Amino acid sequence: MKKKLDSLQALRALACLVVFADHSGLNCAVAAAVGVFFMLSGFTLTYSGYDKADVAALRGMDCLKYAVKRISKLYTLYLLCSLPVLLLELFTLMKAYSPQAALLLVKKMVASVFLVQSWVPNSEYAMAFNGVA
């Protein structure tokens with residue numbers, strides 16, 4: 001049986017709280033916390049992914065299956081978290097409808113679904129729906 005990484009998960013949760021506090025407007029040491037969070041997240045995900053696998057016998061398809069499984073979980077969560085913002089945008093659009101605003105909303109939605117909203121900096125949909133993503 002594999003050893004649990006509770007102490008690393010606790011440190012990861014603490015780093016996540018620091019980042020959350022910074023995004024909430026509190027001034028925290030966020031640069032170090034982001035680095036710690038990503039480093040520990042990558043380590044714990046890799047550690048859990050190689051649960052019973054012999055690293056020497058690991059094939060490329062196994063790695064690809066693992067990546068697809070992880071990405072599909074995260075992408076589904078991303079879409080679910082973007083849905084309330086989309087509903088708020090639609091509600092706002094219904095209050096003051098204009099064809100330009102409707103077109104901008106469609107552009108925002110398409111860019112966000114394909115996760116390319118940040119590829120066009122300084123545009124009106126660069127930080128659409130879920131700017132952190």
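## Close-up views of a predicted model

**View 1. Contacts of Thr44.** Thr44 touches Leu5, Gln9 and Arg12, leaving aside residues up to four places away in sequence. The model shown here and in the following views is a predicted one. Thr44 belongs to helix α2, which covers residues 30-49. Its relative accessible area is 6%, so Thr44 is buried, the limit for that class being under 20%. Leu5, one of the residues touched by Thr44, is 39 residues away along the chain, and the two C-alpha atoms are separated by 7.7 Å. The side chain of Thr44 also reaches the backbone oxygen of Ser41, at 3.2 Å.

**View 2. Thr46 in helix α2.** Thr46 lies in helix α2, the helix that also holds Thr44. Is Thr46 buried or partly exposed? With a relative accessible area of 40%, Thr46 is partly exposed, because that class lies between the 20% limit for buried and the 50% limit for exposed. Thr44, at 6%, is buried. Thr46 and Tyr66 are 20 residues apart in sequence, and their C-alpha atoms are 9.8 Å apart in space.

**View 3. The aromatic pair Phe37 and Phe38.** The structure has two aromatic pairs. In the pair of Phe37 and Phe38, the ring centres are 5.7 Å apart and the planes stand at 65°, so the pair is edge-to-face. The angle decides the class, because planes over 60 degrees apart count as edge-to-face. The two residues are also described by their accessibility. Phe37 has a relative accessible area of 22% and is partly exposed. Phe38 has a relative accessible area of 57% and is exposed, because the limit for exposed is over 50%.

**View 4. Ser82 in helix α3.** Ser82 is found in helix α3, which runs over residues 60-95. Its relative accessibility is 8%, so Ser82 counts as buried. Which backbone oxygen does the side chain of Ser82 reach? The oxygen is that of Tyr78, at 2.9 Å.

**View 5. The salt bridge between Lys108 and Glu89.** The structure holds one salt bridge. Lys108 and Glu89 form a salt bridge in which the closest N and O atoms are 3.5 Å apart. This pair links distant parts of the chain, with Lys108 in helix α4 (residues 99-113) and Glu89 in helix α3, 19 residues apart. Lys108 has a relative accessibility of 14% and therefore counts as buried. Glu89, its partner in the salt bridge, has a relative accessible area of 26% and is partly exposed.

**View 6. A nonpolar patch on the surface.** Which residues form the nonpolar patch on the surface? They are Leu79, Val106, Met109, Val110, Val113 and Phe114, and together they have about 490 Å² of accessible area. Helix α4 supplies the largest share of the patch, with four residues. Val113, one of the patch residues, is found in helix α4. At 34% relative accessibility, Val113 counts as partly exposed.

Notes: Residues numbered from 1 in each chain as written. Predicted model: local features only at pLDDT ≥ 70, side-chain atom pairs only at ≥ 80, totals over all residues. Heavy atoms only, no water. Helix = DSSP H or I, 4+ residues; strand = E, 2+ residues; numbered from the N terminus. Buried < 20%, exposed > 50% of the residue type's maximum accessible area, 1.4 Å probe, protein only. Contact = heavy atoms within 4.5 Å. Polar contact = N/O pair within 3.5 Å; in protein donor to acceptor, adjacent residues only side chain to side chain. Phe/Tyr/Trp six-rings, centres within 6.5 Å; stacked < 30°, edge-to-face > 60°. Salt bridge = Lys/Arg side-chain N within 4 Å of Asp/Glu carboxyl O. Patch = residues over 30% accessible without salt bridge, like charges linked within 9 Å, V, L, I, M, F, W, Y side chains within 5 Å. Areas by Shrake-Rupley, 256 points an atom, 1.4 Å probe, with all protein chains shown as cover.
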